Structure formats: C-alpha cells, structure tokens
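Please read the points below with the coordinates open.

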Amino acid sequence: MTIENPASSPEPSSMTAPGLVRRLAVHAMMILLSVLSIFPIYWMIVTSLRPANEIFSTALWPASPTLENYAFVLTRIPMLQMLLNTAVVAAFTAGLQVVTGMLAAYALVRWRMRLSGVVHGLIALSWLVPFQVTMIPNYVLASQLGLLDTLTGLIIPNAAHAFAVLMLYHGMRSFPSEILEAARIDGARSWKILWQIVVPNMGAPIASLSIIAFISAWNEYFWPLLLSRKPENSVVQIGLQMFMTQEGNLWGPLMAAACLASLPILVVYLVLQRHVIESFMKSGIR
Amino acid sequence: MTSFQAEFAPSKAAAATPMRAARLREPFSIAPWIYLAPTLALLMIWTYVPLVEAFKLSFYQWNMLPTSPQRYVGLKNYERLIALPEMRNALWNTLYYTLGLFPMSVIIPLFVAIWTQDLTGRARKIYRALIFVPMIVAPVVAAILWRWLLNEDQGIVTLGLDWLGFDRIGFLTDPRYALATLTWITGWKLIGFSTLLFSAANAGINSAYIEAARIDGASRWGIIRDIRLPLLSPTILLLSMMTILFGAQWSFAYIRVLTDGGPLKSTTNIFYLLYQYGFETLSAGWSSAAGMIAFAGFGLLAAGCMWLTKRFAVYDN
C-alpha cells in the first residue's frame, strides 16, 4: 500500500525511523478520515441486509443476509415510481440547465453589449438569494400555475441556474477567440457557430455540469417538500422522509429505503468516480 | 479555481486576463438577448420578482389563503420580530451552525491536507475516492443514517459509548447536544471534500519556493507558515466564504428531518424559522420580514467576504 515516490514528492522523507513514523501517522490519519466518511454508509447497507432478529447486532456482516427489508419497503411506499420520478426530474433539470446555461454563456462571450456587466451581475447575484427568502411567492406562483404536485413544477423553476451559466461561461472564455472571429468573418451565423464550433469543444464543462446538476437535482429536498402532495407524484427524498415518519424505528426497512434512494447516485459515482470528484473540485459546492 | 471563486472572489490573475482584445463594439443587436432570454426569464420569474414580492409581503399581514385579503401593516412585522425571543434565538443558532462548521469545512481539512501531502500513488487514490463520498450523499439520507448511528437505544455510537463506560447521550433529544449533533452532520458531508480541495491547491504550489526555503534553512513549520498558508489563502477564503454564506442553509434538511427545530427550539436557525412562519403558522408577513432581515444580513456578509478576499488573498502569478 505504501508506495512512496521520492522523485515526485516535494519533501522526500528518507527511509530513516522518523520518516517511517511520520508515514505511518499520515496513513493513520487518512484511514481515520476514510472510515469516518464511509462507515455510516457501510452501516446503512449492512443494516438494510439484516433480518429482523439481527437488526441490533453489531457484527460487521449479517449472519444470514436477506432482502426482506427491501421487499417490505416496496409494499409500503411506491418506491419504484418515486425513483422513476426522481430520475425524470433530475435528468430534465440537468439537461435544461445545460441548454439555458449554454445559450446565456454564449451570449455573454460572443457579444459585447452595453448591459453585459449588468446581465452578468444579475445572473451571478441570483446565486446569493436564499431560496427560503423567495419560497412563499414561488409557492403562490406554482399553485396559480397549477404546478402543485406535478413533476413539471419540480423541474421548471430549476431549469436555469446561475451556477450553470457561470461554469459554462468560464469554460467558454478559454475557447480561442481567433476561431470564433474567423468563423464570423466567413459569414457563419451565430447559431451555427454555437452548435458547430463551440458546443463540440465544450465537452468537458458540459459533462461536469451535467454530473453536478443531476446529483444536486436528485438530492434536492426543499422545493419538493413544498410542492409535493401524493407520494406517487413525488421524488424519492420526500418518500424517504414520509417513510421515516410512518415507520421511524423499523431500522432495517428504513435503511433499505435509504439505500434505494442513494443507489443510483452511488452507481454513477462508482462508474464515473474520477469525473465526479473532478467536476465538484473544479466547480465548488452548490 | 471554482466558478464560485471566479465570480465572487476574483483574483488579480483572473482580472488581468485580456478579454478578447480583437472584439470591437458592435451596433445594437437583438441576437444576444434571444440567447439570454430563457435564463433571464426564468431567473426573473422564479428569483427576482419573488424577491420583490417577498419585500412587499413583509409589510403585510396574510395567512397565505388565496381567498383571504392581504392587510397592510407597515413596519409592524419587523417590530414584532425584533422583539421576539424566537428570532434572537434563531440568529444565535445560525451563528453557532456557521462557526461550528469551520473546524470541519476549513481548519481540519487544511491541516490534514498539508500533513498528508507526501501521499502518492494507489493509497492516495483510494483515500480520495473514500473521503469524497459523503459529498454526494443526499441530505435526507445523511440525516436518516446518522439518526440510526446515534439512536439512543441501539445506535452503534451509543453502544460504543456504553462499551467505553460513558453515559448515554440524547444526541437529538437533549437540547444541550442537538445543535452540536446537527452541526456535525452538516460538517460530515464537507470534511472530505474540503480536504481534497486543499490537497489540490497544496499540490499546485510551485516546489521551487519550498526548495529555496529549505536551502535557506527554514523549518518544516516555517515553510508551512510563510509559504504554504499564504499560497493556500485563496482556497481558505473560498471555503470560509461558502461556509459563512451557505452553512446555515445546508443544515435545513437535517433540522427538518431530524428535530423539527427542537428540542425546545434549540436547533432552529433563521432559515428554519422562515419555513416555520411560512408553512407551519401560515404567517406570510412574518416569514417575509424575517427573510428580508436574513437576506440583508447575508448580503452584507457576502460583500464583506468579497472585500476581504480581494484584499488578503495571495496569488502566485
């Protein structure tokens, strides 16, 4: 495990005794932090697999693992429907944020307008308006538009986000302007430049934005909390909370429900691990 | 550099980037406005107009029923709120959440990142993959799994305390501990991510500076204090700013799912108070007035943070 590469390490520690102690301490600290991060999730999975008579066991793996908790969850709440709803909401939210963000970022990069600064500021500052401050007018508007208890209502208000515009804007600014200029001089329409030249070269920022927008939309809790009424029209976070309120101390089924709710995200993470980490690191917390 | 950083904490380096120099001012064109329309329309409809409406509502009394009238009450909502102990309590708790997050979002990650900078290869990749995970776990899931771990009867933490011979603690039911517990859960999601951000920034420091200092006989601590910390200041300021501006909002889901603001209102922060006024007691006026106070307060904080960043962040350019 302890592969040390002195050549690339900025402060090479020799193989002397103090160096070894230090390295052990470094690993000890990282192992502690890793356990702290991962154990709660591991424990959720293990508990979800325990049969009812083992639920309070502290063994690291159940003696007779079972899926009965999952079966119980599926009979109690429309879990599959909610997972499907959440997938639809998250996919549309991410897709729309990419499209609206792309168009707006392109406008800010391509044209110099008298009001560029104002528009840019208006978009950026919307990030700093806490949702709790605007929730009542938002709720009233959604109910007037008949969006209560619908998936559309969950998607539309999040179809544009300052974060999406700014992330793509910064990605696009590093795009060589000479190419854009050349295309313009050739008489290409702005629309054509966007789709044929800019978008194909924005793969990395678009992928990062899609990952982050999808994960945050999947995990979103507050707006669905205000909007949703019936479990079958709702998303999985709300379902999870309802299930907890009803069956609060049935730990096995509760953990099974929590596992089902996080499974898609964890699968995305397992598959795209490096991309997910890098996307978040490049773009900050949302 | 993150988008947030680029936007709200501009560095000298970013400011100095030449904006496409060849671009000439063009005559007015409708085209950019068409491209901007979807974003601007959505932000207007769902953020700015509601913000103005919330400002208006803060001078009215209204129970949120479409059929009942909105009654103008002037500054009464604000006067009542300022006099309410609930409001003061919520503001104190907001401060507690924010300050309580700092060790987990900034201080510990900073020192772990510096301390573990020699890690390379496979081990480093594995740690990286593991400590990032809490960041993508849904807040509701995090709330539920900590509720199980900390359960007062059979939770693994409680059993651990028993085993060590300590008394049981009502992590979520004892007003003395509930606020700290929720702060911990909020921080749990951030600690690994912050560590990774600091590690990346630390690895980006030009090793020539470190070499030069070492040749000059600087101690390990001297190098950290005089070279690493100043060059890490943009990341320190970024994470501090995010903690200050968003920390109290991040804890909302945990409060809602785990304690409903209790026990004895010990975990209610300003954002949760807004929610309770709005959707539990249905007093839109109070909620909006408290919202305006919060918005103004956080707006001032944001301006202060940006000023501090511009003034104190050290960039290597």
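**Notes on the predicted model**

1. Of the 317 residues in chain B, 44% count as buried. Chain B contains 14 helices and 2 strands. Along the principal axes, its C-alpha atoms fill a box of roughly 75 × 75 × 30 Å. Contacts in chain B between residues at least 6 apart in sequence were also sorted by separation, and 74% of them join residues at least 24 apart.

2. An unreviewed UniProt entry places the annotation "domain: ABC transmembrane type-1" on residues 91–305 of chain B. In the model, that span is 76% helix and 0% strand, and its end C-alpha atoms are 19 Å apart.

3. The UniProt record (unreviewed entry) lists residues 30–49, 95–115, 127–149, 190–210, 231–255 and 284–308 of chain B as "transmembrane region". Two of these can be set beside the model. Residues 95–115 of chain B are 100% helix and 0% strand, with 29 Å between the end C-alpha atoms. For residues 127–149 of chain B the figures are 74% helix and 0% strand, with the end C-alpha atoms 23 Å apart.

4. Contact between the chains. How many residues of chain B are in contact with chain A? The count is 89 residues of chain B against 85 residues of chain A. On the chain B side, helix 3 (residues 31–57) gives the most, with 15 residues. By class, the chain B side that touches chain A has 60 nonpolar, 20 polar and 9 charged residues.

5. Helix 1 (residues 17–48) of chain A packs against helix 6 (residues 121–132) of chain B at an angle of about 35 degrees, the axes being 8 Å apart. The crossing of helix 1 of chain A with helix 6 of chain B is left-handed. From helix 1 of chain A, the contact uses A:M30, A:L33, A:S34, A:S37 and A:I38; from helix 6 of chain B, it uses B:Y127, B:L130 and B:I131. These residues of the contact divide into 6 nonpolar, 2 polar and no charged.

6. Domains of chain A. Chain A is split into domain 1 (18–66) and domain 2 (79–283). The C-alpha centres of domain 1 and domain 2 of chain A are 33 Å apart. Contact between them involves 7 residues of domain 1 of chain A and 6 residues of domain 2 of chain A. The domain 1 side of that contact has 4 nonpolar, 2 polar and 1 charged residue.

7. Helix 13 of chain B. Is helix 13 (residues 270–280) of chain B largely enclosed or exposed? It is largely enclosed by the rest of the structure, because 9 of its 11 residues are buried. The buried residues of helix 13 of chain B are B:I270, B:F271, B:Y272, B:L273, B:L274, B:Y275, B:Q276, B:Y277 and B:G278. They pack against helix 5 (85–115), helix 11 (220–250), helix 12 (252–259) and helix 14 (284–312) of chain B, and also against helix 5 (131–144) of chain A.

8. Most residues other than glycine have a negative phi, and most peptide bonds are trans. Two places here deserve a look on that account. B:G262 and B:P263 are joined by a cis peptide bond, with omega about -15 degrees, and B:P263 sits in the loop between helix 12 and helix 13 of chain B. Helix 13 of chain B is followed by B:L282, whose phi is positive, near 50 degrees. B:L282 belongs to the loop between helix 13 and helix 14 of chain B. B:L282 counts as partly exposed because it has 15 C-beta neighbours inside 10 Å.

9. A positive phi in chain A. A:D149, which is not a glycine, has a positive phi of about 60 degrees. A:D149 is in the loop between helix 5 and helix 6 (151–155) of chain A. With 16 other C-beta atoms within 10 Å, A:D149 is partly exposed.

Notes: Residues are numbered from 1 along each chain as its sequence is written. Chains are lettered from A and ligands numbered from 1 in the order in which they are written. This is a predicted model: local features need pLDDT of at least 70, side-chain atom pairs count only at pLDDT 80 or more; totals for chains, interfaces and linings use all residues. UniProt positions are given in the numbering used here, feature names are shortened, and annotations may be inferred rather than shown by experiment. Helices (H or I, at least four residues) and strands (E, at least two) are DSSP runs, numbered from the N terminus. Two residues are in contact if their C-beta atoms, placed from the backbone, lie within 7 Å. Ala, Val, Leu, Ile, Met, Phe, Trp, Tyr, Cys and Pro count as nonpolar, Asp, Glu, Lys and Arg as charged, and the others, Gly among them, as polar. Domain bounds come from an automatic or database domain assignment. Axes are lines fitted to C-alpha atoms, for helices over the stretch in contact, and angles run from 0 to 180 degrees between N-to-C directions. A crossing is left-handed if the near helix is turned anticlockwise from the far one by less than a right angle, and right-handed if clockwise. A residue is buried if 20 or more other C-beta atoms lie within 10 Å of its own, exposed if 12 or fewer, and partly exposed in between; C-beta atoms are placed from the backbone.
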